[in-house]
Amino acid sequence: MTDSVERLQKVIAQSGVTSRRKAEKLIVDGKVKVNHKTVTELGTKVTPHDDIEVNGVLLEKEAPVYYMLYKPRGVISSIKDDKGRKVVTDFLGEVPERIYPIGRLDYDTSGILLLTNDGNFANLLMHPSHGVDKVYVAKIKGIPEKRELQKLRKGVRDGDDLLKAVKYNILEVDRQKNTMILELTLHEGKNRHIRRMMEKLGYPVSKLKREKYGLLTLDGMKPGDCRPLTPHEVKKMRLSAQK
């Protein structure tokens, strides 16, 4: 397993000492040391093994933690919101570590969201080249034909983005209500990926949930529930992303 490598200013900001912008100024001003040596280059990268001092004070190193949340609809995938809306960390109770979401789920999307303070783990899972399955269930308005659904795998162009699904399954068709329920598997998750993709085909999404993330499922959980991942789950998720 390789160590997580992060930009120095990002590590300082994540520690809670200051914002990233102010961290950059501290670095340029010579107020930051890495392994007892003053660093002034903003491109400097560090690992968890490096000692970092800001204004002569050593940053505390946190043990890595991993949580899974069943995010409800109507919640922001962030650690704070300037509009006072509910955020995902509101459901975790008292967690001393400075954790953040791995990727995001849209405000109106529910399902599995992982949170951690381990940058290496987060980067492994988020990078599309590592091929970790993220399985969603979407209820759409309208009933597309097979030839239209096949475009999901080829990709649908929206601006500069090519939005695609690795695979799809039809779970239910309701001709009376003119709706369809689809299971869609993604390896990446661009902003509003599935909603934009289906809108481009002319079948807007009315409800969306992420039901699986790699080996993780929502079994036994209800919206708002949160639990730590077991060491076995963390290991298996890491291995699946490193294949």
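K139 counts as partly exposed, because its relative accessibility is 32%, a value that lies between the 20% limit for buried residues and the 50% limit for exposed ones. The model described here is predicted. K139 belongs to strand β10, which covers residues 134-141. On the surface, K139 comes together with R73, K177 and K207 in a patch of positive charge.

The chain as a whole contains seven helices and 17 strands. Of its 243 residues, 43% count as buried. Along the principal axes, the C-alpha atoms occupy a box of roughly 70 × 40 × 40 Å.

Strand β10, which holds K139, is joined to β14 by eight bridges, and the two strands run antiparallel. Within this pairing, I140 has M180 of β14 as its bridge partner. Strand β13, made up of residues 167-174, also pairs with β14 in the antiparallel sense, here over seven bridges. In that pairing, the bridge partner of V173 in β14 is M180. In general, strands of a sheet pair through backbone hydrogen bonds, in either a parallel or an antiparallel sense.

β13 and β14 form a hairpin, with four residues between the two strands. N178 lies in the turn and has a positive phi of about 60°.

Strand β14 spans residues 179-186, and eight of its eight residues are buried, so the strand is largely enclosed by the rest of the structure. In a regular strand, side chains alternate between the two faces of the sheet. In β14, T179, I181, E183 and T185 point one way, while M180, L182, L184 and L186 point the other way. The residues of both sets are buried.

A separate description applies to an open sheet of four strands, in which the order is β3-β2-β5-β6 and the pairing is antiparallel. Its edges are formed by β3 (37-38) and β6 (57-58), each of which has a single partner strand, so one side of each is left without a neighbour in the sheet. Strand β5, comprising residues 52-54, is joined to β6 by two bridges, and these strands run antiparallel. Across this pairing, E53 stands opposite L58 in β6.

Conventions: Residues are numbered from 1 along each chain as its sequence is written. This is a predicted model: local features need pLDDT of at least 70, side-chain atom pairs count only at pLDDT 80 or more; totals for chains, interfaces and linings use all residues. Side-chain values use heavy atoms; hydrogens and water are left out. Patches are made of residues with over 30% relative accessible area and no salt bridge: like charges are joined within 9 Å, nonpolar side chains (Val, Leu, Ile, Met, Phe, Trp, Tyr) within 5 Å. Accessible areas come from the Shrake-Rupley method with a 1.4 Å probe; for residues, only the protein chains shown count as cover. A salt bridge is a side-chain nitrogen of Lys or Arg within 4 Å of a carboxyl oxygen of Asp or Glu. Lys and Arg count as positive and Asp and Glu as negative; His and the chain ends are not counted. The place of a charge is taken as NZ of Lys, CZ of Arg, CG of Asp or CD of Glu. Buried means under 20% relative accessible area, exposed over 50%, partly exposed in between (1.4 Å probe, protein chains only). Two strands pair if DSSP finds at least two bridges between them.
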